[in-house]
Amino acid sequence: MTDHDEIAALLKKMPPVEPDKEARHQAIDLAMAAFDQKFSSRRQGMHLLARLTDTIRIVRNASIGDWNMKPVYAIVGGLCLGAIGLTLMNSTALFDFAPRTQALKAERGIGMDGAVAKPSRQVAQFGVAPSPAPAMATANSETSAIALPQVAAPAAKRAAPMADMAAGSMQAYAPPPVMMEESNRLVLPQADQDKFKASDSNPLKIVKAEPVSTFSVDVDTASYSFVRSSLNHNQLPPKDAVRVEELVNYFPYHYEAPADREVPFKATTSVFPTPWNKGTKLLHVGIKGYEIGQKTKPHSNLVFLLDTSGSMYDANKLPLVQSSLKLLLETLSPDDTIAIVTYAGSSGIALEPTKVKDKAKILAALDGLAAGGATAGAEGIQSAYRLAEQHFDKDGVNRVILATDGDFNVGITDEDALKRLIEKKCESGIFLSVLGFGRGNYNDALMQVLAQNGNGNASYIDNLNEARKVLVDEASATLFPIAKDVKIQVEFNPSAVAEYRLIGYETRILNREDFNNDKVDAGDIGAGHTVTALYEITPVGSSSTLVDDLRYQTAEKPAGAKGDADEYAFVKIRYKLPQGRVSRLITQPVKVKDTIVSLDQAPQEARFASAVAAFGQKLRDESYIGDFSYDAIAALANQAKGEDTFGYRSEFIQLVRLAKTIAMIEPGQGKIQPPPIPEPPVIR
Amino acid sequence: MTQEDTILVRRAAGGDREAYRRLLEAHYGMMFRVAYRYTGHRQDAEDIAQDVCVRLVHKLGSFRGTSSFTTWLYRVVVNACRDMQKHRGVIKRSEDSFRELEALGQEEQRDGQRQVAWLYRAIYSLEPSLKETALLVLAEELSHAEAADILGCKESTVSWRMHALRKQLKEVMGSYHDRP
């Protein structure tokens, strides 16, 4: 065929691809070092290990995206050797590849995590505290992109994920380099490949210049779980992973509830002194959504779209998903419908839409996920939507819930096409939520976008408690939207307020004209949900004004200014009912006379929210927070703890203390900057 | 070459340092080249090639000799590339990737090079499965059977993909010729 010839001929013309000499040498040197480690004495390995302790610390703090990969690989290669050394310490035979431990996770040939399924005692010398989720067994796991060779025939089938399946079927794969005995588990924190959208904090705004602030309401809570997970791994989280509004919104607040469903939420505002700045005040806006009673709960039609790729078989991922879904089942009504579609591993329909009362069948399907019992088919997200449509309930909640550790290969390769599909389905009434699992592979930026387009929530599930919170305790909120495309617009009164700063919501800022434009999407509010927003405002006349008045323009009242300073601001909220197309408006003035004079008298919920906001800003290393200490934050939170039925607030206070300790031990650890690159260990 | 490889592998797996080095020297070029063609990024390709090298000693034990060593190694590299793409999170559009290649193509002003760059852009925008197939069959000039072995699918699947591929590429080349 001429085309074939033309194409082939063209390809031949391509200049040959020559590897860089230095890269080649380095690669081969490292490989030889690995070879020597494998075949040389164990003692050598131990010395190496000791020398690597320091590099581990350094690598831990590195964010891969910030710097050149090569040195990372040098370090990581070194770590890998260290890990191998430790293995050799315990193995009796060099070439015995039979998996010895119960907890050896099977390599699928798709993902390479090398993670150990069961957490256990950690090697204290590396300064890693025990944590609920099993950490990765090798630092190499997430940074190296190597999979084990696939044996040709069973590429479609998978060997059992859990190591307690017959060891025989595992023989086809070489074990990951770190094979751990039960008694000796090396936990090397892996350099993170988590991806977060970088964003600077909202800048201070001058009211005279920019009196109007507009943003989309956000009830995602993924950032809080992620921050918690980081702290539990003894690391301060990367700045970009901390979204202050998500930390604040993680907690349920007892704001005043709306009277009825007609106006599905109620907004309350208060103004009180800023805990971290004597000269400014906080404007607190709290919104509470209508609660849905068990009896009035609408019918649920849910499709779970589950990532079953190799990397999902860690204990803190797919098994957690399975447990979470089982928990969720308990809260659904017998007539609700559930279906399960899998992708990226065994792809296909694991469970056709089934009524919840058919519990046995659903449980069987959930348990069978591990064994890859899905029918063939690689449509992923399209299958999921199709199943949701099959049982579409126009009066109920129709939702696809995507659970993944970062693999969004759901059958559509183009990101834009994927977004468009999600938007389209959202308009036809099928929403999408995203549940993120695991660390190091977590693609947060995309998760946010998809959830936003799907009018759903993005949550990060780091442990079973969180799973319970998202899928059970807050099931109504997570599943039942009561308002969509919710936007907030605040207009500040230049006579009363000189400057303002919106805390958080950096990724949710809208243009002023977007507020009234119904075509512009915004966030959802679920049943019973609360949404909190905080502005730090500098009242006119305060000595803390940061920006000087203009020299050449006199400080006169803008033409048409209403009255004098009896209102700080005017809050407007626009929303649509879940099936609505046209938005509705709620407004609320914020009166100066209602200002609360001392912090102690501020409402408890608002005080707690400001403590969380302070924490988030401190983690983001913001200058506005000044010297406000972790201790002060903990104290403020403690005073506003309230009933704390589920213990979320106590847990928060613990995290604040933990953050303080971590920050003390490693000064400057909070800042992600490339560490000096150590020499790779020299092997003799 | 295959025979020699098999012997080297056996020796290397048994601890023969020299044999192992020779294996690496002989195949590094291929590892890099395949990774480079797959990802379109020199840096990524070097990282992947280095990773494969470092991990190779542990995988040798799993090489059964049922296929040739090169086929087996192709598979290792392709999987490593797939993993990197996956760990990057999604299906990024490979804008950066073929920019590099295009730069290569623009070094020479001859029309042929531009056409090649155009073609590569087309290949890179293909669906991953087609792209992988193109890489192995067209660029590496492997047989359908061997490509199938590496990619873990049926030979007929490869043939089908090549057919679909050619149709798409034909359109692309057509648009190239039609450009103003």
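# A guided tour of chains A and B

Begin by selecting Ser544(A), which at 22% relative accessibility counts as partly exposed, a term for residues between the limits for buried (under 20% relative accessible area) and exposed (over 50%), with a 1.4 Å probe and protein chains only. The model in your viewer is predicted, so local features need pLDDT of at least 70 and side-chain atom pairs count only at pLDDT 80 or more, while totals for chains, interfaces and linings use all residues. Residues are numbered from 1 along each chain as its sequence is written, chains are lettered from A and ligands numbered from 1 in the order in which they are written, and side-chain values use heavy atoms, with hydrogens and water left out.

**Stop 1: a loop of chain A**

Ser544(A) lies in the loop between strand 14 and strand 15 of chain A, where strands are DSSP runs of E with at least two residues, helices are runs of H or I with at least four, and both are numbered from the N terminus.

Together with Ile206(A) and Leu546(A), Val547(A) makes a nonpolar surface patch of about 240 Å². Such a patch is made of residues with over 30% relative accessible area and no salt bridge, and it joins nonpolar side chains (Val, Leu, Ile, Met, Phe, Trp, Tyr) within 5 Å, whereas like charges are joined within 9 Å.

**Stop 2**

Next select Asp462(A) and Arg228(A), whose side chains meet in a salt bridge with an N to O distance of 2.8 Å; the term stands for a side-chain nitrogen of Lys or Arg within 4 Å of a carboxyl oxygen of Asp or Glu. This pair links distant parts of the chain, since Asp462(A) is in the loop between strand 10 (458-461) and helix 13 (464-473) of chain A and Arg228(A) is in helix 6 of chain A, 234 residues apart. Are these two residues buried or exposed? Both Asp462(A) and Arg228(A) are buried.

The axes are lines fitted to C-alpha atoms over the stretch in contact, with angles running from 0 to 180 degrees between N-to-C directions, and oblique covers what remains after roughly parallel (under 35 degrees), roughly antiparallel (over 145) and roughly perpendicular (65 to 115).

**Stop 3: positive phi in chain A**

Select Asp485(A) in strand 11 (residues 481-492) of chain A, which has a positive phi of about 50° although it is not a glycine. Asp485(A) counts as buried because its relative accessibility is 5%. Then go to Tyr505(A), in the loop between strand 12 (497-503) and strand 13 (523-526) of chain A, where phi is near 65°, a positive value in a residue other than glycine. At 1% relative accessibility, Tyr505(A) also counts as buried.

**Stop 4: across to chain B**

To cross between the chains, select Asp36(A) and Arg17(B), whose side chains meet in a salt bridge (2.6 Å, N to O). The pair runs from helix 2 (residues 21-39) of chain A to helix 2 (residues 17-39) of chain B. Asp36(A) counts as buried at 18% relative accessibility, whereas Arg17(B) counts as partly exposed at 38%.

Now display chain B by itself, where there are nine helices and zero strands, and where buried residues make up 56% of the 180 residues. Helix 2 and helix 7 of chain B pack at an angle of about 135°, with their axes 10 Å apart, which makes helix 2 oblique to helix 7 of chain B.

Finish with Glu140(B) and Arg33(B), whose side chains meet in a salt bridge (2.6 Å, N to O). Glu140(B) lies in the loop between helix 7 (128-139) and helix 8 (144-151) of chain B and Arg33(B) in helix 2 of chain B, so the pair ties together parts that are 107 residues apart in sequence.

Conventions. Areas by Shrake-Rupley, 256 points an atom, 1.4 Å probe, with all protein chains shown as cover.
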